[in-house]
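Student: I am new to this structure. Could we go through the terms used for it and ask what stands behind them?

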Amino acid sequence: MNYKTYRRLSRIARGLEKADVVLHGAHVLDVFNECWRTADVAIADEYIVGIGTYEGVENVNCTGKYIVPGFIDSHLHLESTLVNPQELVYEAMQFGTTAFVVDPHEAANVAGLKGIQYMLDATAQCEADVYVMAPSCVPAIAGEDNGAVLDAADLAKLLDNPRILGLGEVMDCPSVLDGEPGMMDKLALFAHRVKDGHSIGLSPVQVQAYALAGITTNHECVTYEEAKDQVANGMYVWIREGSAAHNLDAIVKGLVADGAPTARYGFCTDDKHIEDIQAQGHISYNVRRAIELGIPPIDAFKMASYNTAICYNLQRRGAVAPGYRADMVILDDERAQSIAGVWIQGKPVSECVRRPNVPAPVELLQTVNIGRFTEDKLQMIVNGPQAVITMVPGQIVTTKTVEELPTIDDVFTPNAVYNKITCIERYRASGRNGVAAVKGFNLHNGAIATSFAHDAHNVVVIGDNDADMMVAIDRMVRIGGGYVIASEGKVIAELPLEIMGLISNRPHEEVDAKVKAMKEIAYGMGISRAFDPFINLSFLALSVIPSLRITTKGLVEVGM
């Protein structure tokens, strides 16, 4: 705000001129005193200029409504929507999310700095604030097959961008705890900025060492006990509720039972598909559910806005107060059961338009290159009981079991109980692939393939027979990445994700309809509705989440 602008806004704030717009007679949340004020909200340009009694050129009756700050998603991956990044932003805005803290490490793992720049460019014209965290672990762990390697020198090229807030989720915990030089260089580069964490299963003393390194946040807590321990060490905990990972109930119930303060908690979605947002809401769902579970409404609204703004030093965001940007949610009731309106940059979200998709550079297309892959690479020789990836309903973690597998001539023969999974290197046609058994997915009479496979995004295929797995692999390569379902020797459904093998440039309505239909096909093939067939499959390759994962180099056990 320059001085010329201020002089005009000051006259409006003092009642000497009319505001551009006044929202009259609402219960306005004062996040600083933690109370409601019945007052008018005066807006000029994109700012809130006063709370009190005002007249505007335009006057909106909000009597009986509740006005709260615009919601902030403290951690998400826009790539997980499968569509052009600004499409999720536009849809989430309709549900009151006016700022997003994005980690583009999916794009970075495929295409390095070029992938990050695409995500920045694709969201540059959004009315909402889209901030970006510089991906810290590309690859997720040393030696993994992915598309790029980003060291501290590479990340330094991002520092001057005002939308880069800090360092993205630091998931290579051993490198942090052991003081590995490359990791220390990255932490030092962002010494005066927020450093997001990504830790699961650390012991209390390991959490202390992790926090000692300057890690500021974590969104991976599954239990309240984990969350409480991390808050005790000065960290912020982002309570996640996405399409696959559902952690809100457990943590919030613990907060309520403990009567604990909530100032170090916020909300995130991490990975949430647009069809789920349209059905449930975005951060608005987290708020509504937290209130239902017993969090006082004012605390819930602060968790959805002010707490996150404070953590990331988002200037003039997260409150309804003079000088703050006029990003607000108007609610019909204090418990956030329904949204009456959303204002962003001082105008109703209904006046915002979905902007044309930003074309992807040609080098980000046709990125799946596995070379010649033959069926014999799917063979798994078995000698005695084997470690099995056992899935956990409603979670992205897995457990390890050791079991006798079905075999013919000492070769693992998958079925509906014990599916076979492979992860195939897709960037350099190295021919590397790992093979393992999965229990709990229960896919029958077919195979599913995806190139969206956290975080390296190699090709991951699961099935109950090798022939259909090969059909799915072949089609995956031909379409340049995406989702493929095969059964009885033929492709029965597919969704091309032509940009980096992660994103479609088709409208989200078309992509959502296709994903919905493909999920129903997958459920019809035996997969439990406790899982998202594609999201849960994609996480089976993420080599930093306990307990067992599949990589291009085989089965790995994750633990500290």
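Tutor: The model is a predicted one. A count to begin with: the structure holds 29 salt bridges.

Student: What makes Arg8 and Asp45 a salt bridge?

Tutor: Their closest N and O atoms are 3.4 Å apart. The cut-off is within 4 Å, so the pair counts as a salt bridge. Arg8 belongs to helix H1, while Asp45 sits in the loop between strand E2 and strand E3, 37 residues apart.

Student: Why is Arg8 called partly exposed?

Tutor: Its relative accessible area is 30%. Buried means under 20% and exposed over 50%, so a value in between is partly exposed. Asp45, with 40%, is partly exposed as well.

Student: Which side chain does Glu403 meet in a salt bridge?

Tutor: Glu403 meets Lys439, at 3.2 Å from N to O. Glu403 lies in strand E18 and Lys439 in strand E22, so the pair ties together parts 36 residues apart in sequence.

Student: Is Glu403 buried or partly exposed?

Tutor: Glu403 has 15% relative accessibility. Buried means under 20%, so Glu403 counts as buried. Lys439, at 28%, counts as partly exposed.

Student: Why is Glu87 called buried?

Tutor: Its relative accessible area is 2%, and buried means under 20%, so the term applies. Arg354, at 31%, counts as partly exposed.

Note on methods: Residues numbered from 1 in each chain as written. Predicted model: local features only at pLDDT ≥ 70, side-chain atom pairs only at ≥ 80, totals over all residues. Heavy atoms only, no water. Helix = DSSP H or I, 4+ residues; strand = E, 2+ residues; numbered from the N terminus. Buried < 20%, exposed > 50% of the residue type's maximum accessible area, 1.4 Å probe, protein only.
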